[in-house]
Every structure is written in structure tokens, then in C-alpha cells.
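Reader: Please take me through a close look at a single part of this model, with the cut-off behind each term stated once. I would like one connected account that starts from one element and then follows its surroundings.

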Amino acid sequence: MSEEQRQWMYKNIPPEKKPAQGNPLPPQIFNGDRYCGDYDSFFESKESNTVFSFLGLKPRLASKAEP
């Protein structure tokens with residue numbers, strides 16, 4: 001990660017998501033400019049099967065395999 005990208009990440013994390021001391025560590029997850037969360041939040045969304053919502057994406061429709 002370049003210094004410019006790191007500074008952008010620090011600047012774009014909502015204040016309520018920043019640690020009390022220091023800077024948040026990567027990985028911090030964004031969808032474009034929209035902050036989604038950190039790794040722990042992503043892992044929780046994976047466990048609860050809400051990854052698409054976490055990432056701000058529309059769920060894919062399941063397709064049936066042709067016999």
C-alpha cells in the first residue's frame with residue numbers, strides 16, 4: 001500500500017470506527033468510497049451469510065444447474 005493510499009484510508013474511515021489511539025490498521029474494506037468495515041466485521045458478515053449486504057452489493061440470484 002502506498003503512503004497516498006494509506007492516507008486516503010485514514011481520512012475516509014468514519015470517526016466512530018477509528019481506534020481511540022493510533023491509526024486503524026489494514027485491512028479496512030471499502031466499496032469505492034463507501035466504508036464497509038474492517039476484517040473482523042467482514043468475517044462476522046461471512047459467518048452470518050451477509051457479505052453482499054456488508055459490501056453494499058445486491059445479492060446474486062442462485063442459478064439452478066442444468067441436468
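Author: Helices (H or I, at least four residues) and strands (E, at least two) are DSSP runs, numbered from the N terminus. The model is predicted, and local features need pLDDT of at least 70, side-chain atom pairs count only at pLDDT 80 or more, and totals for chains, interfaces and linings use all residues. Residues are numbered from 1 along each chain as its sequence is written, and side-chain values use heavy atoms, with hydrogens and water left out.

I begin with helix 1, which spans residues 3–12 and includes Gln 7. Gln 7 has a relative accessibility of 40% and therefore counts as partly exposed, where buried means under 20% relative accessible area, exposed over 50%, and partly exposed in between, with a 1.4 Å probe and protein chains only. The C-alpha atom of Gln 7 is separated by 23 Å from that of Gly 56, which is 49 residues away along the chain.

Within helix 1, Arg 6 and Glu 3 are three residues apart, about one turn of the helix. An α-helix has 3.6 residues a turn, so residues three or four places apart point the same way. The side chains of Arg 6 and Glu 3 meet in a salt bridge with an N to O distance of 3.4 Å, the term being used for a side-chain nitrogen of Lys or Arg within 4 Å of a carboxyl oxygen of Asp or Glu. By this rule the count comes to one salt bridge. Both partners are partly exposed, Arg 6 with a relative accessible area of 25% and Glu 3 at 46%.

In soluble globular proteins, nonpolar side chains tend to be buried together. Ile 13 touches Lys 18, Pro 24, Gln 28, Phe 30 and Tyr 35 when residues up to four places away in sequence are not counted, a contact being heavy atoms within 4.5 Å.

A pair of aromatic rings is described by the distance of the centres and the angle of the planes. Rings of Phe, Tyr and Trp (its six-membered ring) pair if their centres lie within 6.5 Å, and planes under 30 degrees apart count as stacked, over 60 as edge-to-face and the rest as tilted. A search of the whole structure finds four aromatic pairs. In the pair of Phe 30 and Tyr 35, the ring centres are 5.2 Å apart and the planes stand at 70°, so the pair is edge-to-face. Ring pairs also link Trp 8 with Phe 30 and Tyr 35 into a cluster. Phe 30, at 19% relative accessibility, counts as buried, and Tyr 35 is buried as well, with 14%.

The strands come next: strand 1 (residues 28–31) and strand 2 (residues 34–38) pair in the antiparallel sense over four bridges, where two strands pair if DSSP finds at least two bridges between them. Gln 28, a contact of Ile 13, stands opposite Asp 38 in strand 2, while Ile 29 stands opposite Gly 37 in strand 2. The hairpin of these strands has two residues between them, and Gly 32 there takes a positive phi near 65°. In the loop between helix 1 and strand 1 lies Pro 27, and the peptide bond from Pro 26 to Pro 27 is cis, with omega near 0°.

Asp 38 carries the account onward, for at the start of helix 2 one of its side-chain oxygens reaches to within 3.3 Å of the backbone nitrogen of Asp 40.

Technical notes:
Polar contact = N/O pair within 3.5 Å; in protein donor to acceptor, adjacent residues only side chain to side chain.
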